[in-house]
Amino acid sequence: MKNQHPVVHFEMPYKDAARVTEFYETAFGWNMNRFGEDMGNYIMARTTETDENNMIKTPGAINGGFYPKRPDAPQPGIVISVDDIQSAMQKVREASGKVFGEPIDIPNVGLYIAFSDTEGNFASMLQPKK
């Protein structure tokens, strides 16, 4: 069976940007790239080598990121790759999941949207730029 819609990214909340950056750099040697206010203070975590297009070189490995923790923020989540985000959003709804808002365009990455499954678990989908 061909793998469909692989997990391509992880996300976790943080309380202290400097502390979480230092922890993962020290404990695991990850390359942590902190973005500013214009990118929501997101921290990109590079856990594996990437090519010139920031695509992973090792099949099965994923990179991730950290976002500021808020009382209403979801807990750790995954990002699932989809070919057509509109179609995937419809399938989530048909399967009784909840889609949050409209897709956002992440420059040089693709279209992104968050959703929850029938158990209330947070996840998101990404239609990568081609």
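Histidine 5 sits in the segment before strand E1 (7-14); strands (E, at least two residues) and helices (H or I, at least four) are DSSP runs, numbered from the N terminus. Before going on, note that this is a predicted model, where local features need pLDDT of at least 70, side-chain atom pairs count only at pLDDT 80 or more, and totals for chains, interfaces and linings use all residues. Residues are numbered from 1 along each chain as its sequence is written, and side-chain values use heavy atoms, with hydrogens and water left out.

Back to the backbone. Histidine 5 has a positive phi, near 55 degrees, and is not a glycine. Asparagine 108 is another non-glycine residue with positive phi, near 65 degrees, and its place is the loop between strand E6 (98-106) and E7. How exposed are they? Buried means under 20% relative accessible area, exposed over 50%, and partly exposed in between (1.4 Å probe, protein chains only). Histidine 5 counts as partly exposed at 39%, while asparagine 108 is exposed at 72%.

Now for the rings. Rings of Phe, Tyr and Trp (its six-membered ring) pair if their centres lie within 6.5 Å; planes under 30 degrees apart count as stacked, over 60 as edge-to-face and the rest as tilted.

| Pair | Centre distance | Plane angle | Type |
|---|---|---|---|
| Tyrosine 24 and tryptophan 30 | 4.8 Å | 15 degrees | stacked |
| Tyrosine 24 and phenylalanine 66 | 4.9 Å | 40 degrees | tilted |

Tyrosine 24 lies in helix H1 (residues 17-28) and phenylalanine 66 in strand E4 (residues 63-68), so their pair ties together parts 42 residues apart in sequence. Tyrosine 24 is buried at 14% relative accessibility, and phenylalanine 66 is buried at 1%. Tryptophan 30 is buried too. Ring pairs link Phe10, Phe23, Tyr24, Trp30 and Phe66 into a cluster.

What about nonpolar cores? The term covers sets of buried Ala, Val, Leu, Ile, Met, Phe, Trp, Tyr and Cys residues joined through side-chain atoms within 4.5 Å. The largest one has 11 residues, including Ile80, Val99 and Ala123. Helix H2 (85-94), strand E7 (110-116) and strand E8 (122-128) each give it two or more residues, and H2 has the largest share, with four. Apart from this core lies another, of 10 residues, among them Tyr14, Met32, Ala45 and Phe66.
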